[in-house]
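Here is a short briefing to read beside the coordinates.

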Amino acid sequence: MNNEQLNDRNVSDGYFLVDIEDYPTDGWGKFKRVIKRTFRGELFVGLWVVLREMIRFDTHTIKYPEEKMPIGPRYRAVHEMKRLWESDAERCIGCGLCEKICISNCIRIDTRLDENSRKEVSEYTINLGRCIFCGYCAEVCPELAITHGGEYENASDQREHFVDYAGMLTPLDKMKAGTQVEFEGFGAITPHEDERVKKTPLAY
Amino acid sequence: MSKITINIDGKEVETQEGEYILNAARANDIFIPAICYLTRCSPTLACRICLVEADGKQVYACNAKSKDGMEITTSTENIEKERRAIMEVYDVNHPLQCGVCDQSGECELQNYTLEMGVDSQSYAVKDVDRSDIDWGHLHYNPGLCIVCERCVTACKDMIGDNSLKTVPRGADALEAEYKENMPKDAYAMWNKLNKSLIGLTSGEEMLDCTSCGECAAVCPVGALVDTHYIYKTNAWECKQIPATCGHCSAGCQISYDVKHTSIENTEDKIYRVMNEWNYVSLCGAGRYGFDYENRVESKDKDAFAKAIEAFKKADTIEFTSTITNEEAFILQSLKEKLGVKLVNSEAKAFQTFLNNYSEISGTRLYGNDLEATHDANFVISVGTALKSDNPNARYALNNSMKVNKGAGLYFHPVKDPIIEGLGKSIMTVYHAPLQEEAALYLVLDLFGDKEKLPSDVTDYLASFHSEKTITVTETIKEEVVEIVKVMKKNEETGEEEEVEEEKKKMVPKKIEKEVVVDDNKLLEILGADDNFMEDLDKNLKKKDSFALMAGPDLYTHPNSKNLARLLGLIEKYSDIKITMIPTLTNSLGVALICDLDDTKGSYSVGYNTKADFTLSALGDGDLDMPAINQQEGTLTSVNKRVNPTNAALSYKGYTLNDIANELGLKAVNTIDYTALLPVASGFKAQDFDSLPNHYDNDGTEHRGYLLDNVKVKASSDESVEKFSDAKMQGTLIYMANPVRQFTEFTYKTTNLDEVSGIYMSEEFLSKSDLNEGDSVRVKSENGELVVNIVSDNKISGDVALLPTFDSKINSEALFSSYRFATASIEKV
């Protein structure tokens with residue numbers, strides 16, 4: 001067993017300060033900063049581009065947020081948790097493979113033994129501030145439970161905006177209406193999957 | 001045993017004559033798949049997957065012994081076929097629930113299924129109902145069980161509880177065609193597997209054993225799981241912190257599995273304790289008693305200032321031995337710096353005992369250790385409630401009996417059904433308290449070299465012997481001549497005629513005979529069985545390595561000096577090698593490092609013990625200290641090894657080192673003192689960070705370092721005192737804890753749920769008018785206390801046990817210093 005990590009007694013958790021010039025604190029310094037920022041040439045460059053495009057009236061820009069582009073079915077945006085079609089129960093069994101495979105370490109899962117002696121996911125979070133939307137979690141999921149969704153509007157006043165388990169689960173009314181959409185991207189069942197499966201003999 | 005060379009897969013391998021092929025291969029990094037074999041136990045032969053070819057013949061590597069020049073092939077076409085079939089069989093009806101299984105990620109079934117490349121299934125049998133069973137602290141899922149019987153083997157060969165066995169499965173017979181078509185060994189293994197499951201030997205619903213959890217640890221699949229661990233986390237999420245168990249002096253290697261508490265709480269938490277079960281076996285306290293940490297939010301500056309003040313004011317530091325060597329060294333340095341007294345009665349007693357012992361033996365420490373006791377084949381235990389004082393010592397006794405075909409001799413006043421249950425070859429002598437000297441004299445008498453022993457000792461021993469005449473009934477075979485009439489053909493006449501013939505016959509006959517035998521009065525004094533000597537003779541056959549374990553009863557005995565000297569004589573003048581079980585976790589380390597005083601002064605600072613100012617890792621003192629699972633440092637074990645332990649959990653408060661620095665010592669970390677531990681006592685000047693903490697594949701222990709057994713000047717006076725026949729009259733009480741409890745630290749943990757009180761055997765309770773749960777007043781000449789009665793089926797006889805793990809029950813107040821006392825027990 002290697003004890004190297006235990007022998008490092010630097011407790012600062014590996015964080016370090018980035019070398020950034022300090023903001024001016026005295027009056028003269030602040031004044032210089034204002035002048036420098038105010039009369040910078042870039043402002044007029046930007047203004048000219050806007051003016052030029054405005055006069056042309058030949059724009060390809062989609063007028064977001066009034067107009068939105070359709071999203072491809074395999075697009076990897078904010079995650080969703082799917083439910084079983086048969087019972088509306090959660091598909092997630094709490095195996096923790098997504099937590100393990102996540103390369104940006106943003107998934108955490110708490111499990112426990114529930115009243116019916118089954119494994120229950122008591123809480124599940126994805127730290128979207130860290131998530132790079134690589135899709136590994138959806139790919140590794142053995143139950144097709146965690147998938148990506150089409151919700152890309154996740155601007156927030158806080159980067160590490162968590163999504164919690166309840167928020168990710170398909171709403172029950174959507175299940176009732178039968179409108180849960182299966183994800184077609186990473187982790188989805190490929191066509192002709194049945195032909196590739198080796199069957200196990202059963203004695204009964 | 002001699003060194004031999006065998007050849008495994010073209011590689012020359014050196015090993016011992018008679019070593020199992022599997023162990024020889026493992027020691028040399030050659031992989032032979034094996035599921036059911038446990039290194040220190042006897043081969044089970046359940047899985048049959050370790051098939052190899054030795055000199056052209058297929059054998060099981062786990063039970064085939066190596067012979068010089070053996071040619072071994074670990075894999076042939078046929079063996080590969082067998083192995084693949086065996087793994088397919090193991091996968092038959094095994095639920096595909098790896099996603100929720102607690103063993104997933106460290107499952108041997110997963111590993112070997114992939115190793116053998118099982119990607120399809122050729123076999124099938126109708127499944128039976130295999131629902132989950134709750135056994136209390138363990139959870140058995142027969143559905144996942146592959147009946148490798150590792151749990152049964154560990155419980156029998158290592159632990160000695162014999163609590164598990166195989167029970168019938170009640171399944172349909174296998175289809176007849178498999179017998180012809182399947183590989184031979186795979187079919188035989190399946191045929192057995194399909195008939196059995198694991199059940200409790202007692203036949204009860206709940207497991208009632210010494211709750212060590214070793215069976216769950218050795219389980220290769222998720223069939224046996226610790227109840228507290230079910231669905232808490234996945235194996236791969238936890239970080240393993242190599243450590244040393246801080247509960248008793250065995251110093252077992254453990255690893256704490258640590259992960260953040262939950263999504264909300266990112267502070268680390270210990271989820272479970274794991275061990276290298278091939279080389280070290282834990283007890284229940286080690287395995288389940290892990291959450292005794294002292295959580296502190298921040299550094300309490302006020303309390304710290306008060307502590308410094310208290311230290312400046314104090315003339316005594318009182319402490320217990322549940323501290324690391326480094327802390328003991330800090331205390332010793334403080335003594336030298338501040339001129340305070342160091343008081344630790346239990347370590348002092350042990351220290352004095354060791355010193356008295358070395359006067360005769362000429363070595364600072366006892367000669368043997370528990371590792372060597374495992375390999376002995378005749379083990380004696382004196383003066384210790386083995387199963388609770390040091391569970392690993394019990395495992396050593398049991399293991400030596402089961403695997404080395406050994407025998408054991410157990411001297412103790414408290415009747416112990418657990419020890420009796422170890423097997424047929426354990427002999428128990430339940431002597432009266434204070435008669436430990438007689439026990440040691442008996443050992444000297446039986447095993448000592450009479451020619452070399454000091455003459456007054458031999459004379460004294462001889463004085464117990466007398467000759468007596470007894471009548472024995474013997475069965476002898478006598479020759480009887482009978483005359484029988486038989487019909488015979490007369491060769492001359494050719495006619496049949498009756499002929500009388502003499503026939504000799506051996507007839508068993510019982511005769512009574514008077515014989516002169518040796519009568520040993522020591523046996524009578526100790527209360528040994530009448531047929532003790534016969535049993536002993538039987539048990540001593542083919543025994544060549546002897547070990548003795550001496551325990552804490554001796555250190556506090558009123559005549560402990562004499563006992564220590566007797567042990568010295570035994571070590572010197574017999575083949576018996578001695579191990580002394582230190583009273584608490586680090587009593588040995590403290591005894592070697594600290595210069596201890598007998599009496600305390602007027603103002604004392606206590607460390608983990610109540611005093612005028614108390615430093616406590618239990619969280620109930622004036623200033624908090626880190627518990628052993630929050631500290632790094634070294635602990636000295638019964639095996640005379642200085643074991644490193646790492647901090648599993650963070651600690652935000654002050655440590656003893658901070659206090660010492662404030663008082664004028666200088667060290668950045670506590671472990672800076674590791675290299676300074678006294679070399680004169682046998683320690684080595686090694687930095688903490690250079691201390692290893694692991695086992696090799698062949699079981700070689702690389703943990704810290706072994707203490708040097710420093711030579712000291714032996715005294716020429718080898719005289720020992722005669723023992724007195726002082727007896728204790730009345731109801732006896734004994735200061736001992738139940739199994740799984742050692743100190744307040746074990747009592748603090750959530751999974752160890754022993755109820756505190758006065759422990760009485762069922763036999764004791766049925767003879768008296770007391771019942772379980774009654775509140776009683778226990779009164780001895782030293783003091784009295786009121787406690788509740790707890791019925792304990794792990795003891796029998798009529799000695800009541802008072803524990804020390806609960807600070808609310810001040811058991812020490814009833815005892816002078818010896819662990820036995822007489823007391824009156826009355827209902828209140």
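Which residue in strand 27 of chain B is the bridge partner of T636(B)? The partner is V642(B). Note that this is a predicted model.

**Sheet in chain B**
- Strand 26 and strand 27 (residues 641-645) of chain B are joined by 4 bridges. The two run antiparallel.
- The sheet is open and has 3 strands, ordered 26-27-30 in chain B. Its pairing is antiparallel.
- Strand 26 (633-636) and strand 30 (705-706) of chain B are the edge strands. Each pairs on one side only.
- Helix 10 (residues 325-338) of chain B packs on this sheet. The helix touches strand 26 and strand 27 of chain B. Its direction makes about 95° with that of strand 26 of chain B.

**Nonpolar cores**
- In soluble globular proteins, nonpolar side chains tend to be buried together.
- The largest nonpolar core here has 237 residues. C50(B) and A61(B) touch the most other members.
- Neighbours within four places in sequence aside, A61(B) is in contact with Y20(B), I21(B), L22(B), A25(B), I32(B), A34(B), C50(B) and V52(B).
- A second core of 20 residues is separate. Among its members are A138(A), A145(A), I146(A) and F183(A).

**Contact between chains**
- On the chain B side, 22 residues are in contact with 27 residues of chain A.
- The residues of chain B that touch chain A comprise 8 nonpolar, 9 polar and 5 charged.

Methods. Residues are numbered from 1 along each chain as its sequence is written. Chains are lettered from A and ligands numbered from 1 in the order in which they are written. This is a predicted model: local features need pLDDT of at least 70, side-chain atom pairs count only at pLDDT 80 or more; totals for chains, interfaces and linings use all residues. A nonpolar core is a set of buried Ala, Val, Leu, Ile, Met, Phe, Trp, Tyr and Cys residues joined through C-beta atoms within 7 Å. A residue is buried if 20 or more other C-beta atoms lie within 10 Å of its own, exposed if 12 or fewer, and partly exposed in between; C-beta atoms are placed from the backbone. Two residues are in contact if their C-beta atoms, placed from the backbone, lie within 7 Å. Two strands pair if DSSP finds at least two bridges between them. Axes are lines fitted to C-alpha atoms, for helices over the stretch in contact, and angles run from 0 to 180 degrees between N-to-C directions. Ala, Val, Leu, Ile, Met, Phe, Trp, Tyr, Cys and Pro count as nonpolar, Asp, Glu, Lys and Arg as charged, and the others, Gly among them, as polar.
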